[in-house]
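Please read them alongside the sequence and the coordinates.

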Amino acid sequence: MEKPLFLAEKPSPNLTPRRRSFRSVAYQKTMVFDFSKTFKTYDAKTYKKEDFTGTRCPRCYAAGRFKLHGSYRRHAAYWHMSKITCEFIEIKRIKCLSCKTTHAVMPGDLIPYKLLSLFIVLFILGLFYLEGEPVLKIAEAGGFSFQFIYSALYAYRKHASGISQYFREASAGDVPPTLDDAGIVSLIREPFLEFQSGYIELNKRPCFMCKFFNSAKAPPIGRLAPIPPPVGSNITLE
Ligand SMILES: [Zn+2]
């Protein structure tokens, strides 16, 4: 007699382990931003363990419990010789000794999961919203495809209301209740690293990062601790 189908068909043994490994990967990809560095001034080789003494783990909040943990390469679009170019950058990694999570140490102007750097997004937004240039002309001026220009505009549109909200909260009342796109872009640009740093603090995610936009699974984001006050100062770090 033939076995009933549900006994003959064993569930795939791969299903459970695959799901578990996906979850662990998601947990390990977290980030610490160093807002004293940009794509151009960042050098993964210069980081020392002591640089993270006052930094909190974005996953478990333990302070200063890091060891250096190699590096990886990624590429990012930046401005070079009057054109948008893709360049490689070596990104430092650190590992939290308390929760064993690995964190990428990102320069302040890189956008996680995006080729676009913050500088290039603002370059494109400035031409489009402040100068009124059409997409094809911006693509021609920057030496890149028009799809690339649209991806920057798309990232902006997704975050526009969050950006307005940030400026209303950060400005103590001197920003008008409704901002048009030109007004928003002007505010972001001066100075843009300060904007990104503040946006992360308020929203717990970097501006213009589209991945995980509608999901609660966005990776925790941390920041490198500020430079300690001079010896003899009354101000102490927590
Ligand atoms: Zn940790």
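Predicted model: local features only at pLDDT ≥ 70, side-chain atom pairs only at ≥ 80, totals over all residues.

1. Which residues in α5 meet which residues in α7? Gly162, Tyr166, Glu169 and Ala170 in α5 meet Gly198, Tyr199, Leu202 and Asn203 in α7, where contact requires C-beta atoms, placed from the backbone, to lie within 7 Å. The residues of this contact divide into four nonpolar, three polar and one charged, on a scheme in which Ala, Val, Leu, Ile, Met, Phe, Trp, Tyr, Cys and Pro count as nonpolar, Asp, Glu, Lys and Arg as charged, and the others, Gly among them, as polar.

2. Residues are numbered from 1 along each chain as its sequence is written. Helices (H or I, at least four residues) and strands (E, at least two) are DSSP runs, numbered from the N terminus.

3. Axes are lines fitted to C-alpha atoms, for helices over the stretch in contact, and angles run from 0 to 180 degrees between N-to-C directions.

4. By class, the contact of α3 with α6 has seven nonpolar, two polar and two charged residues.

5. The open sheet has five strands in the order β2-β3-β4-β1-β5, with mixed pairing, where two strands pair if DSSP finds at least two bridges between them. Its edge strands, each pairing on one side only, are β2 (66–80) and β5 (221–223). On average, and with direction ignored, neighbouring strands of this sheet are turned by 30 degrees against each other.

6. Antiparallel pairing joins β2 and β3 over 13 bridges, and Ser71 stands opposite Lys92 in β3. These two strands form a hairpin with two residues between them, and Met81 in the turn has a positive phi of about 50 degrees. β3 (residues 83–96) also pairs with β4 (residues 102–107) in the antiparallel sense, over four bridges, and the bridge partner of Lys95 in β4 is Thr102.

7. How many residues of β1 are buried? Five of the five residues of β1 (residues 30–34) are buried, so this strand is largely enclosed by the rest of the structure; buried means that 20 or more other C-beta atoms, placed from the backbone, lie within 10 Å of a residue's own. Thr30, Val32 and Asp34 lie on one side and Met31 and Phe33 on the other, so that both faces are covered. β1 pairs with β4 in the parallel sense over five bridges, and three bridges join β1 to β5, again parallel.

8. Finally, α3 lies across β2 and β3, running at about 25 degrees to β2. Phe119, placed in α3, is buried, with 20 other C-beta atoms within 10 Å. Not counting residues up to four places away in sequence, Phe119 touches Tyr78, Trp79 and Asp109.

Note on methods:
Contact = placed C-beta atoms within 7 Å. Buried ≥ 20, exposed ≤ 12 C-beta atoms within 10 Å, placed from the backbone.
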